[in-house]
Amino acid sequence: MKLPEFWKTGVAVLALGGLVAYFWFVERKQEPKKEGERDKITLVTVDKAKAKQIALEAAGTKITLVKQGGAWKLTQPFAAPADTSAVESILTSLEKLEADELVADNVTDFAQFGLATPSRKLQATVEGASAPLAVDFGAKSPDGGSVYARKPGEAKVYLVPSWVESSFDKKPFDLRDRDLLHVKRDDVRSLEVSGPEGGYALARTDAGEWAFTKPVATRAGRWSVDGLLGTIENLRMDSVVGESVSDQKEIARYGLEKPTRTVTLVTKDGATRTLEIGAPAPDPTATPSPTPSPSPSPAKKGEKKAKPEKPAPPKPTKYYARQAGSGLVAVIPAALADDLAKGMGELRAKRLHEVATYDTEGFDVVAGGVTKSYAKSTTKDKDGLDKTQWKRTAPDKKDLETTKVEDALFKIGGIDVAEFIDAPKALSEYGLDAPVLKITLKAKGESWIELGKKDTSYYARRSNDSAVLKIDTTKAEELVKAFSEL
């Protein structure tokens, strides 16, 4: 049967409507095209140097960052210096914020894309721009790999990679400057520590070496001190418990009325910074340490059964701390407190002497009443490479085998201190009134060591150190032999 014309028209309209519906509800929400098939669309371009303000809003929290005098500051939801690297990361994402594809234009119903009430709003104010640059983010695409986005005021909807949107997923604390002391390890010239293990102070010499100045003048281990300073330099707040704490009861509650430990640093510009570490801070993730107990023995008649021991309290993982003179009280990880708890002994120079053969230009040796001098020269070989040559320059002149000289120098650094004698008796008690060996090293200044023998034991002294050091007999004899053969 032949259909009337109006039926044909109706069928055509229905078919067209079905195609439109299919496009809107299926095609536009289908899987995004593969990376290589996409034509990138630039949504926002921000010149980092001209950015003046950034505003982020998500889950009801508004964050505002403002550039003031060349530095970024948080102004909302609280006022605080901003973390430069965190802000820089956001600006890098904004330098060229791109979409993978245009999903639809002339959109009137943004709710279907999660953009009627955006999950995240982003706005950047740039010098010279007539209006802020902004992007709203909505729901995720069906595969979760992209997010719908739009520029406010436009009817177009785009797909942006999820990882781009997540780069703006920041909480206020993520963006604040969490550095308590703002100090670089290479700038520190002196360090003073107080705590239950005793107090001590160190200073850096003109040659860059560290030495204790109290309670005893003795050498410190370069790498040990550098490790401690690295922990201080990288110290960051885990959280802030108060921006401006002044109530004495509150200060006492945090253990900061009489801090458990203090660290005072003086930098090369003469500035002083003191970190005060107080009471342990609660850590919900910490678990009690089990205390092993002996197997219970049967109770005798008339005796009460022994109660099982309680688990030992967990070792603190966080502490309250502040910079002296500041009202900001923070929670810091326990790493620094744990390092300081090791005491002065952890920082002492435990090797007889650290020797860098590449820095050593010469040395003098005194043994058996005879002084010998040695010098290093460097020449170019036929291939243009540096060639090191060691020579004895006094009392006679002689070319020496370089590896033999360097092996002897290495032996100095291979001797560990067995015992520190911080209040030594007369030098004769250690055979150091008449040393069996004295070596003066010339490398970025002069330093020396000398060995004495008393009965069957060997002792040593070294420059910039008032302590007498007891050392291993076998290694001491190997050192004496190695330098006697040069």
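These notebook entries record what I looked up in a predicted model of one chain.

**Entry 1: ground rules**

I worked with a predicted model, in which local features need pLDDT of at least 70 and side-chain atom pairs count only at pLDDT 80 or more, while totals for chains, interfaces and linings use all residues. Residues are numbered from 1 along each chain as its sequence is written, and side-chain values use heavy atoms, with hydrogens and water left out.

**Entry 2: the chain overall**

I found nine helices and 29 strands in the chain; helices (H or I, at least four residues) and strands (E, at least two) are DSSP runs, numbered from the N terminus. Of the 486 residues, 37% are buried. I took buried as under 20% relative accessible area, exposed as over 50%, and partly exposed as in between (1.4 Å probe, protein chains only). I then looked at contacts, meaning heavy atoms within 4.5 Å. Among those between residues at least 6 apart in sequence, 59% join residues at least 24 apart.

I searched for nonpolar cores, that is, sets of buried Ala, Val, Leu, Ile, Met, Phe, Trp, Tyr and Cys residues joined through side-chain atoms within 4.5 Å. The largest has 33 residues, and Leu180, Leu191, Leu202, Ile232 and Leu265 have the most contacts inside it. Helix H5 (residues 222-233) supplies four residues, the largest share of this core. Another core, of 30 residues, lies apart from it and includes Val46, Leu65, Phe137 and Phe168.

I checked the geometry of H5: its twelve residues reach 16 Å from first C-alpha to last, close to the 16 Å expected at 1.5 Å a residue. The expected span is 1.5 Å times one less than the number of residues. Buried in H5 are Val225, Leu228, Leu229, Gly230, Ile232 and Glu233. Their cover includes strands E12 (188-194), E13 (200-204), E14 (210-214) and E17 (261-267), together with helix H7 (335-340). For Ile232, leaving aside neighbours within four places in sequence, I listed contacts with Leu181, Val183, Leu191, Val263, Leu265 and Leu336.

**Entry 3: the nine-stranded sheet**

I traced an open antiparallel sheet of nine strands in the order E24-E23-E22-E21-E26-E27-E28-E29-E25; two strands pair if DSSP finds at least two bridges between them. Strands E24 (398-400) and E25 (417-421) stand at the edges with a single partner strand each, so one side of each has no neighbour in the sheet. From one strand to the next the twist averages 25 degrees.

Strands E22 (residues 370-380) and E23 (residues 386-394) pair over eight bridges in the antiparallel sense, with Thr379 opposite Lys387 in E23. Helix H8 (residues 402-413) packs on the sheet, and its direction makes about 80 degrees with that of E23. Helix H9 (residues 473-484) lies across strands including E21, E22 and E26, and runs at about 120 degrees to E27. For these angles, axes are lines fitted to C-alpha atoms, for helices over the stretch in contact, and angles run from 0 to 180 degrees between N-to-C directions.

E28 pairs with E27 over six antiparallel bridges, and Gly452 has Tyr459 in E28 as its bridge partner. The E27-E28 hairpin has two residues between the strands, and Asp455 in the turn has a positive phi of about 60 degrees. With E29, E28 pairs over three antiparallel bridges, and Ala460 stands opposite Leu469 in E29. That hairpin has five residues between the strands, and Asn464 takes a positive phi near 55 degrees.

**Entry 4: salt bridges**

I counted 30 salt bridges, each a side-chain nitrogen of Lys or Arg within 4 Å of a carboxyl oxygen of Asp or Glu.

- Arg461 and Glu450 have their closest N and O atoms 2.8 Å apart. Arg461 lies in E28 and Glu450 in E27, so the pair ties together parts eleven residues apart in sequence. Glu450 is buried at 6%, whereas Arg461 is partly exposed at 25%.
- Lys442 and Asp364 meet at 3.5 Å, N to O. They link E26 and E21, 78 residues apart.
- Lys315 and Asp338 come to 3.9 Å between the closest N and O atoms. Lys315 is exposed at 58% relative accessibility, and Asp338 is partly exposed at 26%.
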